[in-house]
Amino acid sequence: MNYHLEKNYLDESEVAWKKIRDGLGKGMAELGEEKKDMVVLGADTIESSRAHWFAEKFPERFIQVGVAEQNLTGVSAGLAYQGKVPFAVTYAAFLVGRPWEPIRTTICYPENHVVFVSSHAGLATGQDGPTHQMTEDIAILRCLPGFTILCPADYEQAKKAVRAAYDLKGPVYIRGVREATPAFTTEQTPFEVGKAQVLREGKDVTVIAHGFMVYWLLQIAEELKDSLSLEVINAHTVKPLDEKTILSSAKKTGKVFCAEDHNIIGGLGSAVAELLAEKHPVQVFRHGVQDIFAESGEPKALWKKYKLDKEGTKKELLKWLK
Amino acid sequence: MHQQYSIQNLEKKANEIRQDIIKLLVEAGSGHSAGPLGMADIFCALYFRVLKHDPANPLWEDRDRLILSNGHIVPVRYVAMAHAGYFAKEELSTFRKINSNLEGHPCTKKIPALETSSGPLGEGVSQACGFALAAKMDKANYQIWCLTSDGEHQEGMTWEAVMLAAKYRLNNLTVIIDRNNIQIDGNTEDIMPLESLRAKYEAFGWHVMEMNGHNMREIISTLEEAKAIQAKPTCIIAHTIPGKGVSFMEKDYQWHGVPPGTDIPGEPPKAEQANIALRELRTLARRIEAADLD
């Protein structure tokens, strides 16, 4: 399958580095033009979480709730009951961490179509430190019935995720990241919810990620190509997981390495391990945040120290394969 | 929409609703007694006089939205809805049982006319604000009514929503507080004092009214007046007696979360509780009927 990735995308210096949160913000501002029932809600973080572009264009369809994430949830639920399509936007830790039970009761249980758009997920949040580096968002939403969880790999995919989320039913979470990351997909790259993307075929090991770490895996696959054939999968939809694609790859390679800027408990690695343990037991490695709180620091320094950069990820992979 | 009920007929209807609440709770063997009995008059006024609604077309676009925040008093809503014709009265005996539409707490997946699913406290005003904002965006004319308990005003989320309603001048929203002074663990002012609710709402920028939640004439005039307030969102503090109409339940927090037929020291024997309750309510109903003849 041709994914229409950027030319020379494997060369970090050739690709643009763009923010996934910018893609989400632009995506919402664009979609608002054609979708008149779309409402965006912010919670005192609208510039840094990129809700402000929509707010400036459509003030009559923007609601500022202040520092009140439970109310952000409840008001979104009320709007959804009335047939609007609310997009609730703020930092991941506050967006889904603070009001988890109101999300469960007012949105998930009644199957309200609300799109939660986060920024500041993962260690990529950087200097603000562990209070703001949300590394458990996927875990706490994955266990809620009917939630769709989208983790776009880059800026363009983030824009597409916004559009796709509008067309879904029930609760949706889109995982946004503060730091700029390589923008390696293009406008032409397809995006289908629930359909994992085999961006590079291989036969020795399946390597699978969501978010910007997909890019590191593509680079690692290229660097190791003479000794190891890696099959690289972009699991941008963590729920519902594309079981078919992952199973068929696992059957081919017999080894699955998962990588994510999220706690190894409850994230993509867990989802893949659950699937394979039941349907095709093979060796699985969960690479990610090792069930710890990290610390403040530059995102790149954090990725390096906690082995979530390309080099660290490659080392973990090779160590596991030994 | 409504056949015009006289005040006395509304009082009679409220009494029938109370009797059916007792029967439903006995049949279910679990559920809340005090709150539903205390709110019977207000639910009766809403469903048979004040609400713009159509049981034959429950999701009619221009209906008033009635949002029940404290979902645990849903027995009174189920009974009122059955009396109003939303579903057959026979269905009331399925409350809290498997394969029933009448979940222990409201579930919109089963009965969309409930408007919201609820149970966990403090979430109703917030959702009602979302309803009210959507109605304003659509330039719709209906009223949003949100029924809340006093106890759930201990939840921070309630006050987040109270702030927002004032900010957006949600004059299409009326919040009714069931001020019955009890919660599961005791009296509200012992557990976590709420007073002055009036001063708090006023300080937050709301128009506040108070009413005797058992005086039908006063209930109706207060609800009608609330619709006419245009400058601000409106809060009605409804002073009610928990367990109203059943002497041994009245003003006793121990009846918050249990049905008739529960062993409570100092209360009538559990086997006789339902009969005593129904006898008292029927006696009261005879008084209302007698008054009808005046």
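Colleague: Where is the place of Pro240(A)?

Modeller: Pro240(A) is in the loop between strand 12 and helix 9 (243-253) of chain A; helices (H or I, at least four residues) and strands (E, at least two) are DSSP runs numbered from the N terminus. A cis peptide bond joins Lys239(A) and Pro240(A), with omega at about -5°. Before we go on: this is a predicted model, in which local features need pLDDT of at least 70, side-chain atom pairs count only at pLDDT 80 or more, and totals for chains, interfaces and linings use all residues. Residues are numbered from 1 along each chain as its sequence is written, chains are lettered from A in the order in which they are written, and side-chain values use heavy atoms, leaving out hydrogens and water.

Colleague: What makes the link between Lys109(B) and Glu111(A) a salt bridge?

Modeller: The rule asks for a side-chain nitrogen of Lys or Arg within 4 Å of a carboxyl oxygen of Asp or Glu. For Lys109(B) and Glu111(A) the closest N and O atoms are 2.8 Å apart, so the pair qualifies. The count between chain A and chain B is two salt bridges. Glu111(A) also has a phi near 60°, a positive value in a residue other than glycine, and its place is in the loop between helix 5 and strand 5 of chain A.

Colleague: How many residues does each chain bring to the contact?

Modeller: Chain A brings 25 residues and chain B brings 28 residues, where contact means heavy atoms within 4.5 Å. Together the chains bury about 2100 Å², 57% of it on carbon and sulfur atoms; buried area is the accessible area (1.4 Å probe) that two parts lose on being put together, summed over both. Tyr81(A), Gln82(A) and Tyr109(A) supply 28% of the area that chain A buries against chain B, more than any other three residues.

Colleague: Which helix gives the largest share of the side of chain A that touches chain B?

Modeller: That is helix 3 of chain A, with nine residues. The residues on this side divide into 12 nonpolar, eight polar and five charged. In that sorting, Ala, Val, Leu, Ile, Met, Phe, Trp, Tyr, Cys and Pro count as nonpolar, Asp, Glu, Lys and Arg as charged, and the others, Gly among them, as polar.

Colleague: Why are strand 3 and strand 12 of chain A said to stand at the edges?

Modeller: Two strands pair if DSSP finds at least two bridges between them. The open sheet of seven strands in chain A has the order 3-2-4-5-7-6-12, with mixed pairing. Strand 3 and strand 12 (237-239) each have a single partner strand, so one side of each is left without a neighbour in the sheet.

Colleague: What makes strand 13 and strand 14 of chain A a pair?

Modeller: Six bridges join strand 13 (residues 255-263) to strand 14 of chain A, and the rule asks for at least two, so they pair. The two strands run parallel, and Ala259(A) stands opposite His287(A) in strand 14. They belong to an open sheet of five strands in chain A, in the order 9-11-10-13-14.

Colleague: How many bridges pair strand 5 with strand 7 of chain A?

Modeller: Strand 5 (residues 115-119) and strand 7 (residues 172-174) of chain A pair in the parallel sense over three bridges. Phe116(A) stands opposite Tyr173(A) in strand 7 of chain A.
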